[in-house]
Amino acid sequence: MNFNHYETIYILQPNITEAENLALVNQYKSLMKKYGGHNISIQHKGRRHLNYNIQSYYDGIYVQINYTASSNLVKILEKNMRLRGDIIRYITIKNYSTSHIKV
């Protein structure tokens, strides 16, 4: 199976408590491990002002997850985020290492 490096950033509603945020992070971490993700690194970026309103919110809580996994895990993770009401935006990008790029 082919594993790639991914970075997922999601924005939570600003009224989410720290305990709810940590529970969500732990849920995603265990989901990722269950489906073969590894090298999981989670960074809490904190509450930030949004450049434009998203679903009537001016602020959001940013969380960044870096991991190595298959594309199937990304689909599962994004589906889970799409179905949650407390996540107002998310994006996943595939990180390319310079050693893999041919010029």
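These are my notebook entries on a predicted model of one protein chain.

**Ground rules.** I number residues from 1 along the chain as its sequence is written. The model is predicted, so I keep local features only at pLDDT of at least 70 and side-chain atom pairs only at pLDDT 80 or more, while totals for chains, interfaces and linings use all residues; side-chain values use heavy atoms, without hydrogens and water.

**Entry 1: confidence.** I looked up the pLDDT (the predictor's confidence in each residue, from 0 to 100). The chain has a mean of 90, and 92% of its residues reach 70 or more. Residues 98-103 have a pLDDT below 50. Beyond near neighbours in sequence, that stretch has one contact in the model (contact means heavy atoms within 4.5 Å). Where pLDDT is low, the predicted coordinates should not be read in detail.

**Entry 2: helix H1.** I took helices (H or I, at least four residues) and strands (E, at least two) as DSSP runs, numbered from the N terminus. H1 covers residues 18-34, which is 17 residues. From first C-alpha to last, H1 reaches 24 Å, close to the 24 Å expected at 1.5 Å a residue (the expected span is 1.5 Å times one less than the number of residues).

Which residues of H1 are buried? I found Asn-21, Leu-24, Val-25, Tyr-28, Leu-31 and Met-32. Buried means under 20% relative accessible area, exposed over 50%, and partly exposed in between (1.4 Å probe, protein chains only). Down the axis of H1, the buried residues fall within an arc of 125°, so they line one face of the helix (the arc is that of the directions from the helix axis to the C-beta atoms). The face turned away from the buried side carries the exposed residues Ala-19, Lys-33 and Lys-34.

What do the buried residues of H1 pack against? I listed strands S1 (4-12), S2 (38-54), S3 (57-69) and S4 (87-95), plus helix H2 (71-83). Just after H1, Gly-36 takes a positive phi of about 95°.

**Entry 3: nonpolar cores.** A nonpolar core is a set of buried Ala, Val, Leu, Ile, Met, Phe, Trp, Tyr and Cys residues joined through side-chain atoms within 4.5 Å. The largest one has 19 residues. Tyr-10, Leu-12, Tyr-28, Tyr-67, Leu-77 and Ile-87 touch the most other members. S1, H1, S3 and H2 each supply at least two residues of this core. A second, separate core of five residues includes Leu-50, Ile-54, Tyr-62 and Ile-88.

I then checked Tyr-67. Leaving out residues up to four places away in sequence, Tyr-67 touches residues including Tyr-6, Met-32, Ile-40, Leu-73 and Leu-77.

**Entry 4: salt bridges.** How many salt bridges are there? I count two, each a side-chain nitrogen of Lys or Arg within 4 Å of a carboxyl oxygen of Asp or Glu.

- Asp-59 pairs with Arg-47, with the closest N and O atoms 3.6 Å apart. This pair links distant parts of the chain, S3 and S2, 12 residues apart. Asp-59 is partly exposed at 23%; Arg-47 is exposed at 53%.
- Arg-84 pairs with Asp-86, with the closest N and O atoms 3.0 Å apart. Arg-84 is partly exposed at 26%; Asp-86 is buried at 15%.

**Entry 5: positive phi outside glycine.** Asn-39 has a positive phi of about 55° although it is not a glycine. Asn-39 lies in strand S2 and is exposed, at 56%. Gln-55 also has a positive phi of about 55° and is not a glycine. Gln-55 lies in the loop between S2 and S3.
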